[in-house]
Amino acid sequence: MGSTNGLAIGGGKKPLFSFGVISDVQYADIPDGYSFIGVPRFYRHSLLVLQRAVQNWNAHQKLKFVLNYGDIVDLHCPQDQSLDAVKKVVDEFGKFNGPVYHMIGNHCLYNLPRDKLLPLLKIPGEDGRAYYDFSPSPDYRFVVLDGYDVSAIGWPQDHPNRLNALQFLSEKNPNSEKNSPEGLVGLERRFLMFNGAIGKEQLEWLEGVLQDATRLKQKVVVCCHVPLDPGASSSEALLWNYDEVMDVIHRYNCVKVCLAGHEHSGGHSIDAYGVHHRVLEAALECPPGKDAYGYIDVYDDRLSLVGTNCMESTEMCFSH
């Protein structure tokens, strides 16, 4: 009996724990504008969406932590305001009475280099790396990936990760404007400068974490700013080497759900291995008075996303 009235879904069971989610705040103290395909963007209003989210999360009282899926400030934020804008958004997240886990997105890196950004976001990586994992309960492990590990943005000019990314883009995308997918077909349309890849070391680290989680019989939720499944996202928003990453993930039964941002319209798919992919709708594209944030109730056999307004609620059921 699959009632959707909220009460019956949980079968009366309490979640193991719950956490808040938001993505793509992309705040800037500038007038509203449009995306490159003409979707309205509400740069100042997005901060109000975040403020309401934090109030809501605090009122919930039982949220263990919050995950922010990246892009906290926008590319169009004037460069001389970047540091203040990032601090302003981080301060709003700081009003949540619990831990907040951040991941980096392309817009964050347009504004600040990694060495400035990571300490502000309290991301615990070394050598500019922004991937890490944590266990909020004995049964679950969260893995936060750095989707801009190999990237043309965010690294110093001569950094090998940047040089590798530029070389890769020159081979894969013939356009002089590397954010243009013109002439690229199907999944090749992901080879754009505003996406990135996960490097060899990070892939090895991911494999090690998944081995450990398997040994501990933990279920894993993988988090990345950039989507990992073509079924949940347009080709233009996918991680360059999403297929390599998913090859590692599919070798283990422990990964149940992959959560992402970046594709502002959101999406949900279940891949051939039964892994759920949920891309979260952007706070930036909520018109005034609307919201896009939520919280996720975690059970032993599913994640239940309770969304607000523009963020759709989603039941993600999986087998043990």
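**View 1. Ser 35, Phe 36, Arg 41, Phe 194 and His 262 lie nearest the centre of the largest pocket, which has 27 lining residues in total.** Welcome to this predicted model, in which local features need pLDDT of at least 70 and side-chain atom pairs count only at pLDDT 80 or more, while totals for chains, interfaces and linings use all residues. Residues are numbered from 1 along each chain as its sequence is written, and side-chain values use heavy atoms, with hydrogens and water left out. On a 1 Å grid over the protein atoms alone, a pocket is an open set of points where a 1.4 Å probe fits, with protein on both sides within 12 Å along at least five of seven lines; lining residues have an atom within 4 Å of a point. The largest pocket holds about 680 Å³ of space, a volume being the space filled by probe spheres set on the grid points, which are joined across faces, edges and corners. Its lining has 10 nonpolar, 10 polar and seven charged residues (Ala, Val, Leu, Ile, Met, Phe, Trp, Tyr, Cys and Pro count as nonpolar, Asp, Glu, Lys and Arg as charged, and the others, Gly among them, as polar). Helix H3 (residues 106–111) gives the most to this lining, with three residues; helices are DSSP runs (H or I) of at least four residues, numbered from the N terminus.

**View 2. Helix H1 (residues 45–60) meets helix H2 (residues 82–93).** Their axes, lines fitted to C-alpha atoms over the stretch in contact, come within 9 Å and cross at roughly 20°. H1 and H2 are therefore roughly parallel to each other, a label for angles under 35 degrees. Leu 47, Leu 50, Gln 51, Val 54 and Trp 57 of H1 touch Lys 88, Val 89, Glu 92 and Phe 93 of H2, where contact means heavy atoms within 4.5 Å. By class, this contact has six nonpolar, one polar and two charged residues.

**View 3. Helix H6 (residues 200–215) packs with helix H7 (residues 242–250).** Here the angle is about 20° and the axes are 10 Å apart, so H6 and H7 are roughly parallel to each other. On the H6 side, Leu 203, Leu 206, Glu 207 and Leu 210 meet Glu 244, Val 245, Val 248 and Ile 249 in H7. That contact has six nonpolar, no polar and two charged residues.

**View 4. A closer look at Glu 207, in helix H6.** Beyond its neighbours within four places in sequence, Glu 207 is in contact with Val 248, Arg 251 and Tyr 252. Glu 207 and Tyr 252 are 45 residues apart in sequence, and 8.9 Å separates them in space, C-alpha to C-alpha.

Technical notes: Axes fitted to C-alpha atoms, helices over the stretch in contact; angles between N-to-C directions. Helix = DSSP H or I, 4+ residues; strand = E, 2+ residues; numbered from the N terminus. Parallel < 35°, antiparallel > 145°, perpendicular 65-115°, else oblique.
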